[in-house]
Amino acid sequence: MRTADARMLYRLKRWLSPDLAIDLGTANTLIAVQGAGVVLDEPSVVALQKGTRKVLGRGTAVGKLARQMLGRTPDSITTVKPIQDGAITDFELCEAMLRYFIRKAARTTPGIRPNVVIAVPGGITPVERRAVFNSAERAGAGRVYLVSESKAASIGAGLPIAEPVANLICEIGGGTTEVAVLSLAEIVASKSLRIAGDDFDQAIVDYLKRNFSLRIGDQTAEQLKIRVGCAYPLDQELTSEVRGLDLVSGVPRRAIVTSEEIREALRGPLEAVLNGVKSVIEQCDPELVADLSDTGMVLSGGGAMLPGMDLFFREQLGIPVRLAADPQRTVIRGTAICVEHLHEWKDSLESSDGSY
């Protein structure tokens, strides 16, 4: 009878306030609701009245609306990214952003707080971890659990991490790149790099400034990366027009940029990610390294969608490399699986009460 009552109470709580999975990313925040899948995917951006801590639109100028204002705001408005390089840099704004996203993503019942599993970079400090716990709890979460992005990405990519075989994952997000080898459901070796998609964009900005005397914004660089960016020579190289400010004359100017030039611009950050992967492989025992000749590496994250990324790593590492299905949502899929089976996973996750 007690077991039946407990199950009934659990189902009632799940209906009143379903548990949530959150991928708190530098570029985007994604939320999956227990039993419903991914329901929210919005930029991690907040718009403020300049000189104040007041979020515009009565707290609603968050996400997509705030993203539209980036680089286009008058002096009275400022846009802020409360998460940089995978870590919370503005606790108050991150809390406001999370509260808005949680309310938008799922129904909530006063007095009943949902359990929340949040994917975080493996290299964040204890202070940064505590910031995630505090921000989530103040935003309306109940019990908070943390899962490393590399483990979440491995689960979301469908890798057999519970088996005694090496599984290599490289998750290239907006602010961090997570590289890890997992075996028997645990991380054997890992590295968290604060080099990722945002650095790709900045490399393009710097290249055009240096070689074209043209100043462009981050969003223009991102669009250029999407249109003609590549990590490996294409069968047919591409060209694209870019508009920016001529640094010599001080007037707007157009220029034609090729995919070869963008590939050259991206060489630095790509080599940094490659060196990170190599350093993780070097940490592994010979038996696990031998496994990688067969199992290879899986790429995930938005940065992994750069054309030719798999071919670049395959040539440099000499192992099979493949792109995960829907790579931008690999982490949230894995985090959502942890939420759906929380009773099985919670003992291996760090929780807000300090336990595992």
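Is Phe-313 buried or exposed? Phe-313 is buried, with a relative accessible area of 0%; buried means under 20% relative accessible area, exposed over 50%, and partly exposed in between, using a 1.4 Å probe and protein chains only.

A quick word on the ground rules. This is a predicted model, where local features need pLDDT of at least 70 and side-chain atom pairs count only at pLDDT 80 or more, while totals for chains, interfaces and linings use all residues. Residues are numbered from 1 along each chain as its sequence is written, and side-chain values use heavy atoms, with hydrogens and water left out.

**Aromatic pairs**

Rings of Phe, Tyr and Trp (its six-membered ring) pair if their centres lie within 6.5 Å; planes under 30 degrees apart count as stacked, over 60 as edge-to-face and the rest as tilted. By this rule the count comes to two aromatic pairs. Here they are:

| Pair | Centre to centre | Angle between planes | Type |
|---|---|---|---|
| Tyr-100 and Phe-101 | 5.9 Å | 55° | tilted |
| Phe-312 and Phe-313 | 5.2 Å | 75° | edge-to-face |

As for accessibility, Tyr-100 sits at 21% and so counts as partly exposed, whereas Phe-101 is buried at 0%. Phe-312 is buried too, at 11%.

**The sheet and its helices**

Helices (H or I, at least four residues) and strands (E, at least two) are DSSP runs numbered from the N terminus, and two strands pair if DSSP finds at least two bridges between them. Six strands make an open sheet with mixed pairing, in the order β3-β2-β1-β8-β9-β18. Since β3 and β18 (350–351) each have a single partner strand, they stand at the edges, so one side of each has no neighbour in the sheet. β18 pairs with β9 (residues 144–148) in the antiparallel sense over two bridges, and Tyr-145 has Ser-351 in β18 as its bridge partner.

Helix α5 (residues 126–138) packs on the sheet, touching β8 (116–120), β9 and β18, and its direction makes about 140° with that of β9. Helix α13 (residues 330–340) lies across β1 (20–24), β2 (28–33), β3, β8 and β9, at about 150° to β1. Contact means heavy atoms within 4.5 Å; axes are lines fitted to C-alpha atoms, for helices over the stretch in contact, with angles from 0 to 180 degrees between N-to-C directions.

**Ser-44**

Ser-44 lies in the loop between β3 (37–43) and β4 (46–49) and is buried at 0%. Not counting residues up to four places away in sequence, Ser-44 touches several residues, among them Val-80, Pro-82 and Met-97.
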